[in-house]
Structure formats: structure tokens, C-alpha cells
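Biologist: I would like to learn how to read a model of this kind, going from a single residue out to the whole chain. Could we look at it together?

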Amino acid sequence: MDQKQDVVRLPSERLYVEELEALKKLDQDAKPAGWQLSPKAVLTFLTGGKVKGVNITPKYIGNKRLIEMAIATLLTDRALMLIGEPGTAKSWLSENLTAAITGDSGKVIQGTAGTSEEHIRYSWNYAMLLAQGPSDQAIIKSPIFRAMETGGIARFEEISRCASEVQDALISILSEKTISIPELGREVFASRGFSIIATANTRDRGVNEMSAALKRRFNIIVLPSPSDIETEVEIVRKRVSEISTSYELKSTLPDEEAVRKVVTIFRELRSGMTLDGKEKVKGPSGVISTAEAISLLTGSMALAGSFGSGSISEEDIAAGLQGAIVKDEEKDRLVWKEYLENVMKKRGSTWRNLYFACSEMNN
């Protein structure tokens, strides 16, 4: 059986292995130390193209210049930080950048309130430590430690969720490109090609504000929400198709009209204004992101495939909208009802069935 069918999600370097191999074979440009592709080939992998009959699917749909800036940063001794609201593809871009450059996107630290300095530097196998004292064999290397040894790229997801003192453990690593191991009386020096790609959520700025000293060690690129509805529709359609194939959902893909309706609702609730600019809209308490729209439609496909006709219905979409928008039972239910009555109800026959299905769910 194809191994791709046995796991829920493959890392990008394995999911797109055919594309990466095609790019490697035809890449004649100079490759920086530790890189498997040239900067131009990395850009093609991320933004899409065609190489000798192999279709390179776009991994990021948006401003191409931002991708060029991100790649250029990783050519220098500066680390890269991707900042944006939830659903702006920060983690997805981080993973695919790393997969294209090193072929290994798995050296990841997930930032949480429980992340400690040991997760950034190293820890010990205490059984071995007690048995034989400090030794190389007893060290448990962090993803950053391993990336430094091999000249690879480590990913640090949601860095602002870590305590400030933990974040600051990165300062010396990014400045000196070394990790000191006083127990062994030596230092680990970063091999050429080493870098870190961090991501941070703009909604989390007040959680653990990063120090100015740490920010100075990064080149910061802000990833915007999709600038227009056409771009967002394209992103949602593409990712829903990819995810539904991975999960083998027994439903047809949502049609253009269904995708456009969901994206329209999300954009209006997110911006606080209808698309035509004629009416203000109250926003819900939760995040209404592109990623949520993708999740909503894949969930609707699962409903339709398992409990419906195999084609997404208005009722399937209404169930997804209810779950995505009404996070705070008291406030969000009123916000959603107001949107239904003041906006969706007035949109005529093409929206009527969805309005009735959503109203029934919200009662």
C-alpha cells in the first residue's frame, strides 16, 4: 500500500517529493551552503510553475515579493520571523521553505506556556547522566541544536506564546551562532547554512511581548490576510482540494458558489463591513480566518459524504458556519443572528436556502 495513504499528514518534503526531485534535476544555478536548491528554484517551488512537464503547485498564493524577501533573508546570517493573523499561512510557508531548502522540515519547536530553555538548547537523559556523568551520549539535543550541527533550518512555531526569559535564550544563539555546554566544557558551533524560521501571531502580541533585543536578531516579514476575495477563494479552493484528497472524503468538492459564499461571510465578519461597503457588520469574538474557512468546507464535505448525498448541501455549510462563528454562546449567537437578518436575508433567492438553514441552526 502507498505510504501516502497510511498517514494523516506527510511533511512537505515527502508530500511534494516528485516536485522537489524535478527541480533538483534541472537546477543549474549555484546553491548556497547547506541548500539542496538554488534560491530561484526555491521560489518556483513556493509560487508554482512548470518544470519539464512536471507541474509545480503553488504553496503560497499572495505577494511574490514577500517570498523573495524571505528566501533572501535565509541567504544571510539573519534569522527569519513570519508574523500575521491566524490563517495567513505562516506555518505552512515556514514548513515549505524549510522543505525546499534543506529537505527536512521536521526540526520544530512548538512554542507554548510550558516551553522551557531546555527545549531550545539541550537537556539530559537523566538515567545515563546518573550512571556515567555528563557525556555526549547523555545529551538530548533540541531541534535548534541538531540544526546547528548539520547546517539545517530549525522552525520555532508561535514564539510569542513562550515566556520572555525562554525567548531570550535565543539571543545568544542568534548572535554568536553557538550553544555552550558548560558540563562538558565545550561549545557547539553552527555549521554553514544554519538558520531559524520563527512564526508569531499578531493576535498574541499581548501574551508575551518579544524584547527589542530579540526582534533585532530577526528579519521580520508580515504576511497579510488575502487582499481580495478572488485570492481568498483561490486559496480556499486549492487547500480544500488538497486536504480532502488526503482524507479521502466521500464527497464532491464544493462548487464555486459555495466557496464564494463562505469566503464572503468570513470577509464581512472579519472586516466589519459588507463587501459593497454599504452596511456595517458586528464581528464575533473568535478569529474568522482563511484557515477556518478551509476547515469549515472540509468538515462540510465530511458531513455530506458520511451522512448526506455526497454533495455539499446548504445544511452542511450551515452546520459548519454555526461551529466556526458561534464560539461564545451568548455574544456570538446574537452577532450571527443579526448578520443573518440584516445581511444574508436581504441577498435574494441565491442566498435564501442558506439563510433558512443557518437560521434553523441558530435557533
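Biologist: Does Glu268 count as buried or exposed, judging by its relative accessibility?

Modeller: One caution comes before the answer, since this is a predicted model in which local features need pLDDT of at least 70 and side-chain atom pairs count only at pLDDT 80 or more, while totals for chains, interfaces and linings use all residues. Residues are numbered from 1 along each chain as its sequence is written, and side-chain values use heavy atoms, with hydrogens and water left out. As to the term, buried means under 20% relative accessible area and exposed over 50%, with partly exposed in between, using a 1.4 Å probe and protein chains only. Glu268 has a relative accessibility of 0% and therefore counts as buried.

Biologist: In which helix is Glu268 placed, and which residues is it in contact with, its neighbours within four places in sequence left aside?

Modeller: Helices are DSSP runs of H or I with at least four residues, strands are runs of E with at least two, and both are numbered from the N terminus. Glu268 belongs to helix α13. Contact means heavy atoms within 4.5 Å, and on that criterion Glu268 is in contact with Met273, Thr274, Leu275, Val281, Tyr339, Val343 and Arg347.

Biologist: How should I read the nonpolar cores, and which residues have the most contacts inside the largest one?

Modeller: In soluble globular proteins, nonpolar side chains tend to be buried together. A nonpolar core is here a set of buried Ala, Val, Leu, Ile, Met, Phe, Trp, Tyr and Cys residues joined through side-chain atoms within 4.5 Å. The largest has 36 residues, and those with the most contacts inside it are Ile265, Phe266, Leu321, Trp336 and Met344. At least two residues of this core come from each of α12 (229–247), α13 (256–271), α14 (290–307), α15 (314–325), α16 (329–342) and α17 (349–362), and α13 supplies the largest share, seven residues. Apart from this core lies another, of 33 residues, which include Met81, Ala147, Ala154 and Phe156.

Biologist: How is the chain divided into domains, and how many residues of each are in contact?

Modeller: Domain bounds come from an automatic or database domain assignment, and here they give domain 1 (12–222) and domain 2 (229–362). Their centres, taken over C-alpha atoms, are separated by 34 Å, and eight residues of domain 1 are in contact with 10 residues of domain 2.

Biologist: Which residue other than glycine has a phi near 50°, and where does it lie?

Modeller: That residue is Lys52, whose phi is positive, and which lies in the loop between β1 (49–51) and β2 (54–56). Lys52 is exposed, with a relative accessible area of 72%. Ala89 also has a positive phi, of about 70°, and is found in the loop between β3 (79–84) and α5 (90–102); at 26% relative accessibility, Ala89 counts as partly exposed.

Biologist: What remains to be said of the chain as a whole, in helices and strands and in buried residues?

Modeller: The chain has 17 helices and 11 strands, and its C-alpha trace spans about 75 × 50 × 40 Å along its principal axes. Of its 363 residues, 46% are buried.
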